[in-house]
Amino acid sequence: MNAQEQTVRIYTGPAMIANGLKARLMEMDILPIVKDDHQSGITGGFALGVPNQVRLFIRQEELDRAKGVIDAYLEELGEKG
């Protein structure tokens, strides 16, 4: 895996907040990867993960550009001290 293919987790929490963050990043042409272990488990026929908890990932190379938007969004929602 080269450096462009490496991802970094930027958020773990409620799906509703993650979807808002995803929308803001998409406005910057950054396409986050959403991982929902609970929903994946249900689809696969077994329960796994925490309901309504998702993880967002972006490519490592996009982190510097996205950091300001991520921090501002989470601070706006009171998710970051």
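Helices and strands here are DSSP runs, at least four residues long for a helix and at least two for a strand, numbered from the N terminus. With that in hand, hello everyone, and let's look at this predicted model. By that count, the protein chain has three helices and three strands.

The mean pLDDT of the protein chain is 82, and 74% of its residues reach 70 or more. The stretch to be careful with is residues 38–44, where pLDDT stays under 50. The model does have seven contacts for that stretch beyond four places in sequence, but where pLDDT is low, the predicted coordinates should not be read in detail.

Now the overall picture. The protein chain has 81 residues, and 26% of them count as buried. If you take contacts between residues at least 6 apart in sequence, 69% join residues at least 24 apart.

So what about the inside? In soluble globular proteins, nonpolar side chains tend to be buried together. In this model, the largest nonpolar core has 15 residues, and those with the most contacts inside it are Ile10, Tyr11, Leu21, Leu25 and Ile70. Four elements each supply at least two residues of this core: β1 (7–14), α1 (15–27), β3 (53–59) and α3 (63–76). The most comes from α1, which gives five residues.

Let me zoom in on leucine 21. Which residues does leucine 21 contact, once we leave aside neighbours within four places in sequence? They are Ile10, Tyr11, Leu56, Ile70 and Tyr73.

On the α1 side, the contact is made by Met16, Ile17, Gly20, Leu21, Arg24 and Leu25. Facing them on α3 are Ala66, Val69, Ile70, Tyr73, Leu74 and Glu76. Sorted by class, this contact has nine nonpolar, one polar and two charged residues.

One last stop, and it's a charged residue. Glutamate 62 lies in the loop between β3 and α3. Is glutamate 62 buried or exposed? Buried means under 20% relative accessible area, and glutamate 62 has 6%, so it counts as buried. Not counting residues up to four places away in sequence, glutamate 62 touches Asp29 and Ile30.

Terms used:
Residues are numbered from 1 along each chain as its sequence is written. This is a predicted model: local features need pLDDT of at least 70, side-chain atom pairs count only at pLDDT 80 or more; totals for chains, interfaces and linings use all residues. Side-chain values use heavy atoms; hydrogens and water are left out. A nonpolar core is a set of buried Ala, Val, Leu, Ile, Met, Phe, Trp, Tyr and Cys residues joined through side-chain atoms within 4.5 Å. Buried means under 20% relative accessible area, exposed over 50%, partly exposed in between (1.4 Å probe, protein chains only). Contact means heavy atoms within 4.5 Å. pLDDT is the predictor's confidence in each residue, from 0 to 100. Ala, Val, Leu, Ile, Met, Phe, Trp, Tyr, Cys and Pro count as nonpolar, Asp, Glu, Lys and Arg as charged, and the others, Gly among them, as polar.
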